Structure formats: C-alpha cells, structure tokens
Amino acid sequence: MAAEILSADGAAVTVYERMPSVGRKLLMAGRGGLNLTHGEDVDRFLSRYGAAEPRLRDAIAAFPPEAVRAWSEGLGQPTFVGSSGRVFPVAMKASPLLRAWLARLRERGVRFALRHRWTGWDGVGRLSFCGPDAVHVVVESDATVLALGGASWPRLGSDGSFVAALEGAGVAVAPLKPANSGFLTSWSDHFRSRFEGEPLKRIRLSFGGASARGEALVTASGLEGGAVYALSAPIRDAVTAKGEATLAVDLRPDLAADALAARLRARRGKQSLSSFLRAAGRLSPVAVALLHEATLATGATLGTLSPNDLARLIKAVPVRLTGVAPLARAISTAGGVSLDEVDQDFMLRRRPGVFAAGEMLDWEAPTGGYLLQACLATGAAAARGALMRLAGRGAAA
Ligand SMILES: Cc1cc2nc3c(=O)[nH]c(=O)nc-3n(C[C@H](O)[C@H](O)[C@H](O)COP(=O)(O)OP(=O)(O)OC[C@H]3O[C@@H](n4cnc5c(N)ncnc54)[C@H](O)[C@@H]3O)c2cc1C
C-alpha cells in the first residue's frame, strides 16, 4: 500500500522482498476468504486495537474500511459484508486482487527487487541487502518504508529478522509474541488419537470475563480456531504470567442450564451414557468426549454426575491450558517496533526518513479484518509521511 500511495504521487519506488515473489501471506489470508476489513461502526472498530488504538486512530480515519473496500473494487474485486459484519471480496480469495494490484504498480513504474533480504544499514547509512546468490547489495534512498511483517508462518517470508537489525540501530522492539494463536493442553492419548482435527462447533468460550462464540479445533496438543483466537490475548498473558489458564467451554450456548438439566432427567433406557448425551443434549461425539476428558482430569466419571451437575458441566467444561502454541503457527504477531519509536507519520525517531508500517509495529487485534485494515492504513500513512518529507514539507523529525 505504501508503494501504491508513493507511486501515485510520482515517486520512483522499488519494493525489496526477500522471497521469490511478493504477497505470500496475503495469498494465504485469501485461503480463508480474505477478510479485508469489518463493517461495524467506527468506535467499536477502533476499540479492537486496545492500547494501540490512540496511535492507529488517525491512520485508520484517513484510510477507513470504506477506503479499503473502494480500493479493492477499484482493482476489479468488489466486496460484500458477511453476516458477521466481516468484509470479503466477492471472489473470496486474494489472487485476483494481488494480480491486478501488481499490474497497476508495475504500470506506474514500481520495480520489484525479489530475493533481497534487508539486513540493516551500512556504516554510511545506506540500506544493506543480502541479494540473490548472497551478493551484498547497498541502496541509497530518499525515503524508506519498512513493512517487514511479524513472525508467524515464517515460510511465507516474514520471519522477524528485522528485530536484530533495528535493535542494532538502537530502536526499541517489544518481544514478538503469538497473537490469534492456539494453546497447549494435555489431552489423554485416547482423546488425541480419536479427535485430533475435529471441530467443536457452535460453542462459546469464556475466559476472565470475556467470551467468544464460534468454533474451536482440537489439535494434537491443544485447541485453536476462531473462538480461541478471539480470546487469545488475555489467555496468552495469563499463561505467560502463571504458567496456566483455565478456559470454560459452553457446548450448548443457546440452551440455559436448567432447560438442559430437564432434558437430561429424561430416562436413558438402554442407551449408553454417550449416546444418551448425544441425543438428549444434542452434542457431537467430540463434545461428549470433551466431557469425559474433563471429568477424567478430576478423577470422577460422567456417569456419577446428577442431571444438574451434568448440565452445569456442559455449560462450562474446564480446559486447562498450559502453554501458548508456537508463534510460527499463530495468525499474527503481537509486539514489534514500539509505537514510542515512531512519530505521527510512523517515521522512526532515530532514523529520519525511515518509516515503519504493518504488523511489524507493536499493536495487535483479533481476527475479523482488523489486521489487514491496520496494515493497509499504516502503510498508507507511512507513505503520506514519506511524501511530505520528500516534498520538504514534513514536520520536524
Ligand atoms: C493463515 C493466515 C490467515 C490470515 N487471514 C487474515 C484475514 O483474513 N484478514 C486479516 O485481516 N488478516 C489475516 N491474516 C493476517 C494478515 O495476513 C497479516 O496481518 C498481514 O499480511 C501483515 O501484513 P504486512 O505487510 O505487515 O506483513 P506481510 O504480509 O508479512 O509482508 C511482509 C513482507 O516482508 C517480507 N520481508 C520480511 N522480512 C524481510 C527482510 N528482512 N527483507 C526483505 N523482505 C522481508 C516478507 O517476505 C513479506 O513478503 C492472516 C494471516 C495468516 C497467517
């Protein structure tokens, strides 16, 4: 987006990219439909950025969700608002959008230097790259926008290697942490082997006063998926501080505990307890197994619970989380270049003329289109700052 804004103003732009092609993470985001932004009202939207909101507010106001939608449409990819308020391109993928975008940038003269890994600055302040065949390349630029991403899914390109280069230049970088990530728990061998990869659908997860409805996926070592990601920031902080956190899983969020208990008082006849729970509680096999798993952890068995206790358990199955899934598997990255290190145009205070944008800055947000929205908006803001500086009109750095 920075290249778009800069080249639209006639600047000569080169995009240096360490991978053999650009936009690999954008293409991966497209596998889930490419949730570009969200349709909710602006205050609610901005609240998703938590502590970073005051620093992102102006950039998002200048390049709001409507601008993201217009930009996509301008590239031949009209958007729609889904039932959850999330905004997607009608094509539900990133490849046509990226293709049209790159074609537009090339038409404007933007150059792409692929297989160039930025490694920092040389002794006289030039940008240093490790180019193809490990050739050392140095580049002088009038302005630089760093948009090096986070460190999740490193095989797509962003591997957090900027941290060393920036810290070496005295720029404070908050430790990179998983955001929108899964968590680790100790499933029994039976549960893991039978239910790994199974989704717990239409559930509500609660943790520390916050709750999220949606889906969670059982992994070999824990839980991941939309509802888990929505609560992942407070859970991550609790697991990091205390070594564990207990998540409550409501397997029947649309049914009150007493209504559920009334159903469970019905005679079970010759049915096994699991079959009875599946039928009377309308629970999936993985949900019933999770109930067994939770009682196993307490040394009890499900069969000894009264209908009231069973209903209470179904409404809040405790799952003890003992670790955060690795950053490499997270959807996004928290931490990054401290927002105190950049001015209102996202220019590094210690490196006048160098701007930073996107996920490499220290902010985080849940899934829902907030990630791409802030990346695009900060990219645009950094580019506007660079243009002002190039025109000699910038605020004093
Ligand atoms: C599976 C998945 C699904 C997602 N789905 C969505 C979604 O639907 N909606 C949403 O809002 N967000 C989604 N995200 C998050 C979103 O894709 C990212 O937040 C966004 O792409 C970050 O943009 P960025 O430009 O800051 O970084 P990136 O997209 O990571 O781009 C940074 C680029 O810099 C390059 N680079 C890194 N270091 C160097 C270096 N030293 N030298 C040269 N080049 C370098 C990388 O190769 C990369 O191409 C998803 C993420 C994942 C992993």
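Where is the place of Ala-134? The legends below start from the whole predicted model and come to that residue in the fourth view.

**Figure 1. The whole chain in overview.** This predicted model has 15 helices and 19 strands in its secondary structure. Along the principal axes, the C-alpha atoms fill a box of roughly 80 × 40 × 40 Å. Of the 397 residues in the chain, 48% are buried. The chain exposes about 18400 Å², and carbon and sulfur atoms supply 51% of that area.

**Figure 2. Helix 11 packed with helix 14.** Here helix 11 (residues 257–264) and helix 14 (residues 307–315) pack at an angle of about 130°, and their axes are 8 Å apart. That angle makes helix 11 oblique to helix 14. The crossing of the two helices is right-handed. On the helix 11 side you will find Ala-257, Leu-260, Ala-261 and Leu-264, which meet Pro-307, Asn-308, Leu-310, Ala-311, Ile-314 and Lys-315 of helix 14. Sorted by class, the residues of this contact are eight nonpolar, one polar and one charged.

**Figure 3. Helix 4 packed with helix 15.** In this view, helix 4 (residues 53–62) and helix 15 (residues 370–390) pack at an angle of about 85°, with their axes 8 Å apart. Helix 4 and helix 15 are therefore roughly perpendicular to each other. Helix 4 brings Leu-56, Ala-59, Ile-60 and Ala-62 to the contact, and helix 15 brings Gln-373, Ala-377, Thr-378, Ala-381 and Arg-384. By class, the contact of helix 4 with helix 15 has six nonpolar, two polar and one charged residues.

**Figure 4. Ala-134 and its positive phi.** Now for the opening question: Ala-134 lies in the loop between strand 7 (127–130) and strand 8 (136–139). Most residues other than glycine have a negative phi. Ala-134, however, has a positive phi, near 60°. Its relative accessibility is 61%, so Ala-134 counts as exposed.

**Figure 5. Phe-346, another residue with a positive phi.** Phe-346 sits in the loop between strand 18 (332–337) and strand 19 (354–356). Its phi is near 65°, a positive value in a residue other than glycine. Is Phe-346 buried or exposed? With a relative accessible area of 2%, Phe-346 is buried, whereas Ala-134 in the previous view counts as exposed.

Key: Residues are numbered from 1 along each chain as its sequence is written. This is a predicted model: local features need pLDDT of at least 70, side-chain atom pairs count only at pLDDT 80 or more; totals for chains, interfaces and linings use all residues. Side-chain values use heavy atoms; hydrogens and water are left out. Axes are lines fitted to C-alpha atoms, for helices over the stretch in contact, and angles run from 0 to 180 degrees between N-to-C directions. Helices (H or I, at least four residues) and strands (E, at least two) are DSSP runs, numbered from the N terminus. Angles under 35 degrees count as roughly parallel, over 145 as roughly antiparallel, 65 to 115 as roughly perpendicular and the rest as oblique. A crossing is left-handed if the near helix is turned anticlockwise from the far one by less than a right angle, and right-handed if clockwise. Contact means heavy atoms within 4.5 Å. Ala, Val, Leu, Ile, Met, Phe, Trp, Tyr, Cys and Pro count as nonpolar, Asp, Glu, Lys and Arg as charged, and the others, Gly among them, as polar. Buried means under 20% relative accessible area, exposed over 50%, partly exposed in between (1.4 Å probe, protein chains only). Accessible areas come from the Shrake-Rupley method with a 1.4 Å probe; for residues, only the protein chains shown count as cover.
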